[in-house]
Amino acid sequence: MNFFGKKYRKFFWITLAILFILSLNFFRTETKSFFYEISYPVQKNFWEAGVRAFSYFSSLGQSYFLKEENRILESRILDLLEENMRLKEFVGENQALRQALNLGLEKDFNLKLAELTGKASQGDSIFINKGSSSGLSEGMPLLSVEGILAGVITEVYNDFSRASLITNEDVSFNARVEGKEDIQGLVKGKGGMEMVFDLIPRTSDLKEGDMVLSTGLEGIFPPGIMVGQVKEIEADDAAPFKRAVLEPYFDLESLEWLFIITGTK
Amino acid sequence: MKKALATIIFSYFLILFQNNFLVHFSLAGWTINLALILLLIFNITEALGSERFSKIGLVFAFSAGFFLDVFSSSFLGRNVLIFLAISLFFNLIIKRHVRVSISKG
């Protein structure tokens, strides 16, 4: 076998070249740094061109997917809005419960918290989001979260109820003036968020600004609950009783959560 | 000789292009190995058109492998050996098992 023949010459040179390359590993750092140094300008240009080309093509790709991404984001916004609304409801509920705890209402009464869902188009009536499934029944009193008398449940459905506010024409109950135990009368709703304090003894020392509380004599509302403030006294010399216009303490506009008294402790 | 020199210079710029430009267009972490593709094209086309081993194919395998080693973290010679092995393998396969008849008309 002639290793230096034409047939094997090529393999000889290849082997020699490989050995040469492998021997360069003894000076690997020097060899590589030499090539890095001379290639730096070309490398830099290729790199910058690559960055530009990539950003161009990726922006093209992004515009293609932008519509789909927009649709997904819109859907996520809707989900987040829904979640936000739910969380706000929880915050409102939480605040109402904290307020009730501060007032100590839970010590005297069994309470159910309900949300006001709307106002009836006619009459001083409201709708709440709890019904017979939550243990509510007709005649249960409603308090605002501040502990102010607001109304009474008049119609109960499975998951919601209708309640008459204390200003409703159909609602009347016994009341007294705070600090003046002898002054008692009948609170009657007049509609249109107005009510009167009627059948007050003529000789009583009723004054504007007096606070009116429930007495519970009629058997609907618990005693000692704030009702309203005397706004105007209508005194007629010929009439046997005094009559006063009451301003309710609760504000329908800010009424969002209500407590229903389901029983006393 | 001129062809060989041109091939070495070409492979040098090709590896720089591959390592600095094409690297931006990697797909799932994979970058196209243009050197390997060209190695196969050179060897196959030259081996099919000639009775001898692909000379340019071998030069390209050697130089491209070398520059790949220089611009990578591997030891010098790793890609040279791989590329030469591929080149020789394809040359042998084509010479022994592939016949191409070109009709002149």
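A salt bridge is a side-chain nitrogen of Lys or Arg within 4 Å of a carboxyl oxygen of Asp or Glu. Keep that in mind as we look at this predicted model, starting with the place where its two chains meet.

**Where the chains meet**

Between chain A and chain B, the count of salt bridges is zero. The two chains do touch, though: 26 residues of chain A are in contact with 27 residues of chain B. Together they bury about 2400 Å², and 79% of that area is on carbon and sulfur atoms.

So where can a salt bridge be found? Side chains of opposite charge can pair when their charged atoms come close. A search of the whole structure, over all chains, finds seven salt bridges. One example joins E68(A) to R71(A), with their closest N and O atoms 3.0 Å apart. Both residues belong to helix α2 of chain A (residues 28–103), where they sit three residues apart, about one turn of the helix.

Two packed helices are described by the angle between their axes and the distance between the axes.

| Helix pair | Angle | Axis distance |
|---|---|---|
| α3(B) (residues 55–70) and α4(B) (residues 78–97) | roughly 155 degrees | within 7 Å |
| α1(B) (residues 2–20) and α3(B) | about 40 degrees | 9 Å |

Let's take α3(B) and α4(B) to begin with. Their axes cross at roughly 155 degrees, which makes α3(B) roughly antiparallel to α4(B), because angles over 145 degrees count that way. The crossing is right-handed. Among the residues making the contact are L58(B), A61(B) and F62(B) of α3(B), along with V80(B), F83(B) and L84(B) of α4(B). By class, the contact of α3(B) with α4(B) has 10 nonpolar, four polar and two charged residues.

Now for α1(B) and α3(B). They pack at about 40 degrees, and that makes α1(B) oblique to α3(B). This crossing of α1(B) and α3(B) is right-handed. The residues in contact include I8(B), F10(B) and Y12(B) of α1(B), and V59(B), F60(B) and F67(B) of α3(B). Sorted by class, the contact of α1(B) with α3(B) has 12 nonpolar, five polar and one charged residues.

Notes. Residues numbered from 1 in each chain as written. Chains lettered and ligands numbered in written order. Predicted model: local features only at pLDDT ≥ 70, side-chain atom pairs only at ≥ 80, totals over all residues. Heavy atoms only, no water. Axes fitted to C-alpha atoms, helices over the stretch in contact; angles between N-to-C directions. Helix = DSSP H or I, 4+ residues; strand = E, 2+ residues; numbered from the N terminus. Parallel < 35°, antiparallel > 145°, perpendicular 65-115°, else oblique. Left-handed = near helix turned anticlockwise from the far one by under 90°. Contact = heavy atoms within 4.5 Å. Nonpolar A, V, L, I, M, F, W, Y, C, P; charged D, E, K, R; others polar. Buried area = accessible area lost by both parts, 1.4 Å probe.
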